[in-house]
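Grab a pencil and have a look at the fold below. We'll work through some exercises on packed helices and pockets, one step at a time.

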Amino acid sequence: IGESYNNLALASYLCQDYVSAEKFYNEINKSTKNQLELLLADIGMLKVCTRSSANKRFYDFETRIRKRLRRLNDEIDALDEHDRKRLTFAESDYHLTASIYYYYMQQDLRAQEELAQIDSYELAASDSLQWTYYEYMMSSVEMLGGSTFEEEVKLEFDSLLQILFYS
C-alpha cells in the first residue's frame, strides 16, 4: 500500500498539487512501517518543502532521511532486487533534491557536496531522467572545474550538449 501511495503522491507532485502530495505522503506514515516506503515519502516531502519554501521542515525531513538511509544500508542484504533498485534510486533522488535546495539557497559548496555523493555512471545506467537532471545540476553549480571563465562556459556548454545528444 505504501508504494501505491508514493506513486499517487508523485503524480500529485508532478501536477504541482503539493497539498494532495503531502496528504498522500502523510498517509504512508500512517499505513506502513516499511522503511523504504517511509524513506521515499520523506524524500517526496523534501521536494514539497523545496517548492513551498518550508525551510525548517526541509531540515527536519533531511534528518529523518539520513537516519533511514543509514538503517536501510545497514540492512541492504535483506532487500530483494526490486527494493535494492528503489533504494539506489531513492539515494540519488535525495542527493539531487538536496543539491537543488542548496543551490536555490545559494549554498553552492553544499550543493556540490550533495552532487558528489552520486555515482554518475550507475545513475546513467539505471535512470536516464535522473542522470539528465544530475548533469544539468553539475553544469549549474560550477562543478566542472574550468580555470578561466571562458573554459568554465565551454565545459558548461559541453555538459548541456551531452544532455541534448543523450535525449
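This is a predicted model: local features need pLDDT of at least 70, side-chain atom pairs count only at pLDDT 80 or more; totals for chains, interfaces and linings use all residues.

Residues are numbered from 1 along each chain as its sequence is written, and side-chain values use heavy atoms, with hydrogens and water left out.

**Exercise 1.** Work out how α1 packs against α3.

*Step 1.* Find the two helices (DSSP runs of H or I, at least four residues, numbered from the N terminus). Helix α1 covers residues 2–14 and helix α3 covers residues 35–52.

*Step 2.* Look at the axes (lines fitted to C-alpha atoms over the stretch in contact, with angles from 0 to 180 degrees between N-to-C directions). They come within 9 Å and cross at roughly 15°. That makes α1 roughly parallel to α3 (angles under 35 degrees count as such).

*Step 3.* List who touches whom, with contact meaning heavy atoms within 4.5 Å. Gly-2, Glu-3, Asn-6 and Tyr-13 of α1 meet α3 residues Glu-37, Leu-40, Ala-41, Lys-47, Val-48 and Arg-51.

*Step 4.* (Ala, Val, Leu, Ile, Met, Phe, Trp, Tyr, Cys and Pro count as nonpolar, Asp, Glu, Lys and Arg as charged, and the others, Gly among them, as polar.)

**Exercise 2.** Now do the packing of α3 and α5.

*Step 1.* Their axes lie 10 Å apart, at an angle of about 20°. The pair is therefore roughly parallel.

*Step 2.* Pick out the contacts: α3 brings residues including Leu-36, Ile-43 and Thr-50, and α5 brings, among others, Arg-86, Ala-90 and Tyr-101. By class, this contact has 10 nonpolar, two polar and six charged residues.

**Exercise 3.** Which residues are closest to the centre of the largest pocket?

*Step 1.* Get the idea of a pocket: on a 1 Å grid over the protein atoms alone, it's an open set of points where a 1.4 Å probe fits, with protein on both sides within 12 Å along at least five of seven lines; lining residues have an atom within 4 Å of a point.

*Step 2.* Leu-10, Lys-47, Phe-89, Asp-93 and Gln-130 are the closest to the centre, out of 23 lining residues.

*Step 3.* Trace the lining back to its helices: α1, α3, α5 (81–104) and α8 (128–140) each supply at least two residues. The lining divides into 11 nonpolar, six polar and six charged residues.

Methods
Angles under 35 degrees count as roughly parallel, over 145 as roughly antiparallel, 65 to 115 as roughly perpendicular and the rest as oblique.
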